[in-house]
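Please walk me through this model.

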Amino acid sequence: MTSSAVGGGDKYRDYLSDEEVKNTKWRNGPPSYDVVDKLFEEERTRVWAEGSLEEKVQRLLKTWEMEIVHKADPNDLKTVDPNKFTISINGRKGLTPAESAKLGGSYNIFLQTSLPENLRVYNPDEETFESSQKVFRSIFLRGFAIEILHVYSGPPEIVYKFRHWGYMEGPFKGHAATGQLVELFGIGTFELDKESNKIIKAEMFFDRGELLGGLVKGESNGESTSGMTLDACPFMK
């Protein structure tokens with residue numbers, strides 16, 4: 001873990017220097033974090049001292065999230081060992097980078113569910129990487145910020161508590177925008193390789209209903225998703 005930007009380029013994430021951006025294969029071009037970083041700075045509940053364990057873990061989390069969402073080639077990942085890395089959500093089977101890509105990555109990984117399809121307000125089985133990004137970027141116009149609230153243990157086995165938040169400023173699956181705060185809290189772990197110091201295992205535990213429940217509060221136009229009438233009362237956990 002590092003406590004300052006590697007090669008510069010971003011205040012809160014590593015590996016975004018001009019040279020690194022140029023030599024990376026991006027899914028849809030290099031990301032820009034100006035808008036979400038503004039939300040982060042205005043509404044974070046913790047300001048960690050540079051070089052502290054919490055600041056280092058927060059930087060690692062933000063850099064890792066940037067890489068798994070935006071980098072197209074697993075070999076470009078700097079925070080993880082692509083040959084060993086797995087990610088598990090809410091105790092599910094760990095997924096390799098190739099398996100994650102097949103699921104559509106990003107939101108489709110984090111919103112996996114065993115609910116019957118007719119009860120899913122968001123069905124990851126029907127979404128691609130592109131469609132899932134379009135859905136949530138159109139909701140969170142200022143981005144979906146993340147912060148570290150607490151670090152329970154340091155490397156090589158990191159355990160932390162996080163907060164993810166944004167404002168519903170666009171519609172979701174037939175529900176009107178509310179402008180309200182949507183946030184979720186959870187626990188995450190990173191297991192680092194003792195030699196390379198890269199992540200070989202990531203786990204996250206959270207209630208997906210905290211996110212999806214906040215997105216169905218707006219007035220419904222009756223649009224149906226995955227066979228479900230949206231004015232029904234779904235189980236979202």
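In strand 4, W165 has E183 as its bridge partner. Strands here are DSSP runs of E of at least two residues, helices are runs of H or I of at least four, and both are numbered from the N terminus. Two strands count as paired if DSSP finds at least two bridges between them.

This is a predicted model: local features need pLDDT of at least 70, side-chain atom pairs count only at pLDDT 80 or more, and totals for chains, interfaces and linings use all residues. Residues are numbered from 1 along each chain as its sequence is written, and side-chain values use heavy atoms, with hydrogens and water left out.

Five strands make an open sheet in the order 1-5-4-3-2, with mixed pairing. On average, neighbouring strands are turned by 20° against each other, direction ignored. Axes are lines fitted to C-alpha atoms, for helices over the stretch in contact, and angles run from 0 to 180 degrees between N-to-C directions.

Take the pairings in turn. Strand 2 and strand 3 run antiparallel and are joined by seven bridges. Strand 3 and strand 4 are also antiparallel, over 11 bridges. Strand 4 pairs with strand 5 in the antiparallel sense over seven bridges. These two form a hairpin with six residues between them, and N197 in the turn has a positive phi of about 65°. L192 stands opposite I199 of strand 5.

Helices cover this sheet. Helix 3 (residues 53-70) lies across strand 1, strand 2, strand 3, strand 4 (181-192) and strand 5 (199-206), at about 130° to strand 2. Helix 7 (residues 208-215) packs on the sheet too, touching strand 4 and strand 5, and its direction makes about 155° with that of strand 4. Contact means heavy atoms within 4.5 Å.

Is helix 3 mostly covered or mostly open? It is mostly covered, with 14 of its 18 residues buried. Buried means under 20% relative accessible area, exposed over 50%, and partly exposed in between (1.4 Å probe, protein chains only). The length of helix 3 agrees with expectation, because 18 residues at 1.5 Å a residue should span 26 Å and its end C-alpha atoms are 26 Å apart. The expected span is 1.5 Å times one less than the number of residues.

Back to strand 3 (residues 157-167), which holds R163. R163 counts as buried because its relative accessibility is 7%. A polar atom of its side chain lies 3.3 Å from the backbone oxygen of E43. Beyond four places in sequence, the contacts of R163 include T45, E147, L149 and E183.

T45 sits in the loop between helix 2 (34-43) and helix 3. At 45% relative accessibility, T45 counts as partly exposed. Its side chain makes polar contacts with the side chains of R46, at 3.2 Å, and E147, at 2.8 Å. A polar contact is a pair of N or O atoms within 3.5 Å; within protein, one must be able to donate a hydrogen and the other to accept it, and residues adjacent in sequence count only if both atoms are side-chain atoms. T45 and E147 are 102 residues apart in sequence, yet 8.1 Å apart in space, C-alpha to C-alpha.

Finally, confidence. The mean pLDDT (the predictor's confidence in each residue, from 0 to 100) of the protein chain is 91, and 90% of residues reach 70 or more. Over residues 3-7 the pLDDT is below 50. It stays under 50 over residues 224-237 as well. Where pLDDT is low, predicted coordinates should not be read in detail.
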